[in-house]
Every structure is written in C-alpha cells, then in structure tokens.
Amino acid sequence: MSVFDVIGPRMVGPSSSHTAGALRLGLLAGAALGTTPKRATVGLHGSFATTYRGHGTDRAVVAGLLGMAPDDERIPRSLQVAREKGLEVAFEVIDLGPGVHPNTLTFALEADERTGTLTGSSVGGGAVKVTEVNGREVEITGEFDTLLVVADDVPGTTAQVTRLLAERAVNIAFLEVTRRKRGGEATMIVQADQSIPRDVIEAVQGFEWVKSVRRLQKVTE
Amino acid sequence: MFDSVKGIVARAEAAGSPVWRVVLDEEMEDSGRSEDEVRTRLAERLGTMREAVERGLESDAPSVSGLLGGGARRFEAWRKEGHALAGDFIARVIARAQATMEVNARMGTIVATPTAGSSGILPAVLFSAAEELDLSDDDLAQGLLVAAGIGQVIIARASVSGAAGGCQAETGSAAAMAAGALTELRGGDPESVAQSVAFTLQGMLGLICDPVGGLVEVPCLTRNVSGAVQAVAASEMALAGLKFPIPADEVIDVMGQIGAEMDERYRETAKGGLATTPTGRRLAQEVRWEGPEFDNTNVARAEDLAASKPEEPGRGGA
C-alpha cells in the first residue's frame, strides 16, 4: 500500500468506498469482459444496497464500466454518457449472505457475443478486493497489473507466458495456475510489478492453446 | 508499508530522523519511485486539497441533495469578524473542515485522506497550521507523509471504512493522521507523534456511521469538524509531554475490534442513529435526488426491487 493510497485517490466525491471504490470495481469488471459492455446488470449487496444512490454509486459504477478514472469530472453525468454510448445498466439489490463484505458488487456484462462476470468488494478508502472473475475464484486487489489467461491444460504454457514477460523485463509478483481437471481447462493469473505491454498480451492471445486473455489493470496508486 | 506505530517510532529513533523521513524512505523502497517523484506527487495532492478548501470557503453551492451548502463560507466570515472564543486557529480549522466536505458533497474533486467521508480533517489541520505558522508546501508534504504512515498502520491493523468499522474508523483515523502530522510539524519527536495518535483515537472510539439518507453529508460534515478539533487537542497534549496510558497500537486494535462488533445499523447503512430519527427520516424523504444534469431513466430503481423483498438485515462481516 502506497502513501498515495492513503493520501488519495484524487477523486470526485462523495464517498471513497461507494464512489471511487465502486468505480474501480466497474473498471475491473469492464476489463473482465475485455471491451466496453452493451448491457450490464449490477448487484448491490450490504451497505451498497441501502445507500448507493446518495453516494452516487450508480454513476460511479457506470463511469467505471465506461473506463473513466476516479477523478473524471464526467462522473456526475455518467448515466447520460452511458445512454449516448448505448450502454444499458440495471441495478438490483442482492443478499450474498452474512459472511460477505458489506460493500460488495456483482457484475454480469454483455457485449455482442461476449459475456463477463465479476464479484468484488470496496474495502475502504477506495481499495478493492475482487473475489470472482468470469466464474473463477480469484484474489485480486488491483495493486498489480494482472493477466488472466484461460488455456488448455498442456505442458509448457506457463513457461511460454513467463518467457514473454521476462524478455520485456516485466517482473512477476504473483503467479497462480489452477485447473478444474487434468487435460481440461487451466487458468493462469499473472500479477506483475510493471505494466504488461500490449504486444505481450497480443502474443499470448496468439498461442493456439489459449482460449481467452483478459488484462485487469492496476487501479491503485 | 508499516503495521505498527511502535515500529515507525523505533525506526525513526534508531535513525535519529523524523517520522516523515522514515515514511518517505519506505515509500521509495516499496514503490521504486525516486524522492523527486514522491515529492512531485505529494505536491499535486496538496494542490488538489488546497483547491477544495478554497472552493469550499468561497462557494455557497448546494450539495447534490440540497442538505448542505454555504456553511463553510458563513463560518469563515464569522471567524474573520473575530467572534470565535476558541481562538483564530481553531476557528480556521472548523471552517476548513467544512469547506472540503461541502465540495465533496457536491461531487467536486477532493483527495480521500484516508476516505472521502473524512476528507475534511487533514487539510483543515494542515492548511490552518500553514497559515498560522507560515509553513511551506515542503513542510506540508512532510505532514502528508506522517499522516500516510499513521494511515497505513490503521489500515493494516483495523480499518478506515465506515461500512466495516463505523465513523470511528473514518473520522477517527483521519483525525489521528492529522494529529500526528501537526505534532511533527510543530517539532514534536516521534514518541509524541505516537501519543497524538493515541490521544486522538481514544476520544473517537465507538463513534457510529449513521448518514441521513445514506448521504455523505449529515452528520459527516460536522463529524469532520469534531475530528479536526479532537486532532488539535490531542496534538497539544502530546506536545506538552502528556502520555496516554494505552499505547497507540492498542488503541488502534481496539478501534478495529469495536468496529467488527458494531451492529450493522451503525455501519453506513442508514438504518440507525441520526439517520432514523424522525427528522432524519423526513429529510431522507425530502432530499433532492436528481439535479437537472442527472438522468436515471435507464437505471432500475434498487429501492423498488428492495420493496418487493422481505427486509433481512444480514450482519455483514468485515
């Protein structure tokens, strides 16, 4: 956690958790889809459910889905911007149960043939914790540039991805590889200290054993 | 980052350096940023904070709901007329704490220190001190570093989220950060910075988060005033050499425990406290939700959906 996460973010008010943090979850949800969504269903759990409107959570979430930063001055009129860009959003109150963080959002996004889901909590001061992306359990805090690769479970895949990163002097902070069953579908989560270059992402997409690549950008300071 | 006030003090004492230097060194090591880069960013943050205070003191513009607006400006005029028995410094602090919170409540640009709901406190104390003591922006940037170090400890040990720990976690943390910064800016040693944290937070323990209408307005703005004044009182006691018997880290830990045990109604749900007083409920009904620039027509109303569901206040763990 940087000094600038405590003295920050620079943001449009009124709430770091319900506005800036909600926006960051929207940003990451958009990243999970991999493109600007056309339709979004957003679930509001806990404190979000009761106070979302007064905090501008709806506008912040939509601003995030549209790729705006927490200090973008268009946030107060993001719902208007969404209409202009053809993004339809529906909010619903949900109850995820007592064990779930009181500020939690769920996203179900669609754009053309693509779908994406994300579940995440806004844990205070604009910090977030993503617990699910596209049906996979994760633990992502947005403190690192993150690559989520879904691939065939074949030998050598991790080495090929890490070699590409090494060639570009990108240091891996965390690496997690999981699979559901042998020879099935594997998920690789790479969290990096540096920004992951676009051509690396394109090269990964080009591997024949790769099914999908999503980049969840660093959202903290 | 730091996880104990004791650790910060020990490192500063061992190196014979002030707290801000220790926090700066740690930031450079953690982030890979140079001292110049960190200082440039601190100056940018300071600029945004100052702008928010100035805008708040000048403008009568109402908040999004219409519940707030013009209070900071009115109080500042009253201060300038010399009415404040508490003295000019405290009166400046009171005006400036309101100023940022008014800008925040109209969806203006602020710096969350550590949260938006508590963003009035640190700038109020720092800029009032700068005016009174003729401090430079470099001094104030060092104050931000002290505040950030304290904030990191609170985040590591407890929480700064009202939804997780009530208002004590938001304004209490902001006030502890401001108190430590003020103490060091006035020449206090690292131990007195720690004492400032303990003195501040002990007085904010148990404070609930009960926003009227769920808005970051009432009582958030006036709680920021309370926190800022508490920070000044705590810093004065620490500088005078007084000691609070319970160490800062233990006060922070108990704040976290109280937050975790706090009823859900008192953690930013608008289901208790001032939010559910007869007047609080009435105000929540009356507030202007949509200004002319807002358009919610493509957004389903969550409260309509909520109305069709049975009320089931689950206890959200934090």
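The expected span of a helix is taken as 1.5 Å times one less than its number of residues, and helices (H or I, at least four residues) and strands (E, at least two) are DSSP runs numbered from the N terminus. By this standard, helix α11 of chain B (residues 220-239), with 20 residues, reaches 28 Å from its first C-alpha to its last, close to the 28 Å expected at 1.5 Å a residue. The structure is a predicted model, in which local features need pLDDT of at least 70 and side-chain atom pairs count only at pLDDT 80 or more, whereas totals for chains, interfaces and linings use all residues. Residues are numbered from 1 along each chain as its sequence is written, chains are lettered from A and ligands numbered from 1 in the order in which they are written, and side-chain values use heavy atoms, with hydrogens and water left out.

In the loop between α10 (190-202) and α11 of chain B lies B:Pro219, which is joined to B:Val218 by a cis peptide bond with omega of about 5°. Just after α11(B), B:Gly241 adopts a positive phi of about 90°.

The contact between the chains (heavy atoms within 4.5 Å) takes 52 residues from chain A and 65 residues from chain B. The buried area, defined as the accessible area (1.4 Å probe) that two parts lose on being put together, summed over both, is about 4800 Å² between chain A and chain B, and carbon and sulfur atoms give 56% of it. Of the area that chain A buries against chain B, 16% is supplied by A:Phe4, A:Ile7 and A:Arg53, more than by any other three residues.

Polar contacts are pairs of N or O atoms within 3.5 Å; within protein, one must be able to donate a hydrogen and the other to accept it, and residues adjacent in sequence count only if both atoms are side-chain atoms. Between chain A and chain B, 18 residue pairs are in polar contact, both residues being at pLDDT 80 or more. The elements that give two or more residues to the side of chain A that touches chain B include α1 (3-6), β1 (10-12) and β3 (88-94) of chain A, and β3(A) gives the most, with six residues. Strands are said to pair if DSSP finds at least two bridges between them. In the loop between α1 and β1 of chain A lies A:Pro9, joined to A:Gly8 by a cis peptide bond with omega of about 5°.

Within chain A, the side chains of A:Asp145 and A:Arg215 form a salt bridge at 3.0 Å, N to O; A:Asp145 lies in strand β8 (residues 145-152) and A:Arg215 in strand β11 (residues 210-216), so the pair ties together parts that are 70 residues apart in sequence. Between chain A and chain B there are two salt bridges, and in one of them the side chains of A:Glu221 and B:Arg41 meet at 2.9 Å, N to O.

Strand β2 of chain A (residues 39-46) is joined to β3(A) by seven bridges in a parallel arrangement, and A:Gly43 stands opposite A:Glu92. Eight bridges join β2(A) to the antiparallel strand β4 of chain A (residues 103-111), where A:Asn103 is the bridge partner of A:Gly46.

Note on methods
Salt bridge = Lys/Arg side-chain N within 4 Å of Asp/Glu carboxyl O.
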